[in-house]
Amino acid sequence: MKHMYLAGLKLLLSISMLSLANSAFAITTTTGTVVGSDFVNGQSTYATTFSDGTIATFTGSSAFKKKSQDGITGVGIAGGRTDGEIDIGESLTGSFSKEVIVTSLNLALLFDGPEYGDVKEVAKLLVNFADGGTAAYYLTATGVHTAAWTGEGSVLSIGSGAVNGGTGAWQINNPFGFRSVDSISFTAVKGYPKSTCPSCDNQSDYTFVGMVVTPVPEAQSSAMMLAGLLFMAGLYIRRIKA
């Protein structure tokens with residue numbers, strides 16, 4: 001009987017280890033993508049479901065309107081100061097049914113001036129974290145292929161850059177580190193005017209192109225339980241052998 005118990009516990013350990021491996025694999029490989037070009041003009045809500053069941057829901061302060069330039073399509077808000085872009089006073093908010101880690105996000109038509117008579121435009125991201133914290137982050141176009149980001153990670157210029165008729169597009173990689181996110185609100189704030197026009201500071205606007213996230217699966221909780229089970233089983237085996 002003792003040998004039967006031992007064999008059963010060994011089998012349980014093997015199954016637990018396999019489950020842990022599968023959970024870890026799921027954590028590192030499951031990703032979800034939100035693409036601005038998939039939004040529908042005239043609607044104010046867009047939702048998509050990732051392969052793990054996580055639902056991403058994006059809501060505009062008004063109706064959506066897509067905008068393309070130099071090969072990149074993003075989505076903004078219809079009307080306002082600049083039609084089809086996210087202006088000061090407008091917002092696009094994305095929320096997730098499960099917490100996610102943001103791998104990358106892309107914005108476009110954020111220029112550094114003097115393109116279109118704009119100033120150094122500033123995008124604001126207000127983030128609600130899964131741990132209950134809230135923080136604001138800013139992306140400022142500073143040159144044709146340079147931008148300043150107040151969060152973690154790195155910023156890359158995409159396409160032709162901040163030039164007349166260009167993309168003014170930016171990709172932020174690992175923008176919030178490995179901190180899990182519940183929701184993000186995209187809006188714009190006053191930019192940095194030139195000395196020749198101190199009052200020209202309300203020109204910030206841009207489009208949301210897309211983002212890639214990694215959902216934090218509930219399997220993590222199961223993995224912790226399995227780890228505890230492994231520990232208890234190990235103690236029991238040692239007791240039997242003793």
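## A buried alanine and a nonpolar core

Ala162 counts as buried because its relative accessibility is 0%, under the 20% cut-off. The model is predicted. Ala162 sits in the loop between strand E11 (154-158) and E12. Which residues does Ala162 touch, leaving aside those up to four places away in sequence? They are Leu110, Phe111, Asp112, Glu115, Gly143, Val144, Gly168 and Trp170. Asp112 lies 50 residues from Ala162 along the chain, yet their C-alpha atoms are separated by 6.5 Å.

The chain as a whole has 2 helices and 14 strands. Some overall values follow.

| Property | Value |
|---|---|
| Residues counted as buried | 42% of 242 residues |
| Contacts joining residues at least 24 apart, among those between residues at least 6 apart in sequence | 63% |

The largest nonpolar core holds 43 residues. Within this core, Phe176, Phe186, Phe208 and Met211 touch the most other members. At least two core residues come from each of these strands: E3 (55-60), E5 (72-77), E7 (92-108), E8 (120-129), E9 (134-141), E12 (169-173), E13 (181-192) and E14 (205-215). E7 gives the largest share, 7 residues.

Not counting residues up to four places away in sequence, Phe186 touches Phe58, Ile86, Glu90, Ser91, Leu92, Leu107, Lys124, Leu125, Tyr206 and Phe208. One of these, Phe208, is also among the core residues that touch the most other members.

How values were computed:
Residues numbered from 1 in each chain as written. Predicted model: local features only at pLDDT ≥ 70, side-chain atom pairs only at ≥ 80, totals over all residues. Heavy atoms only, no water. Helix = DSSP H or I, 4+ residues; strand = E, 2+ residues; numbered from the N terminus. Buried < 20%, exposed > 50% of the residue type's maximum accessible area, 1.4 Å probe, protein only. Contact = heavy atoms within 4.5 Å. Core = buried A, V, L, I, M, F, W, Y, C linked by side-chain atoms within 4.5 Å.
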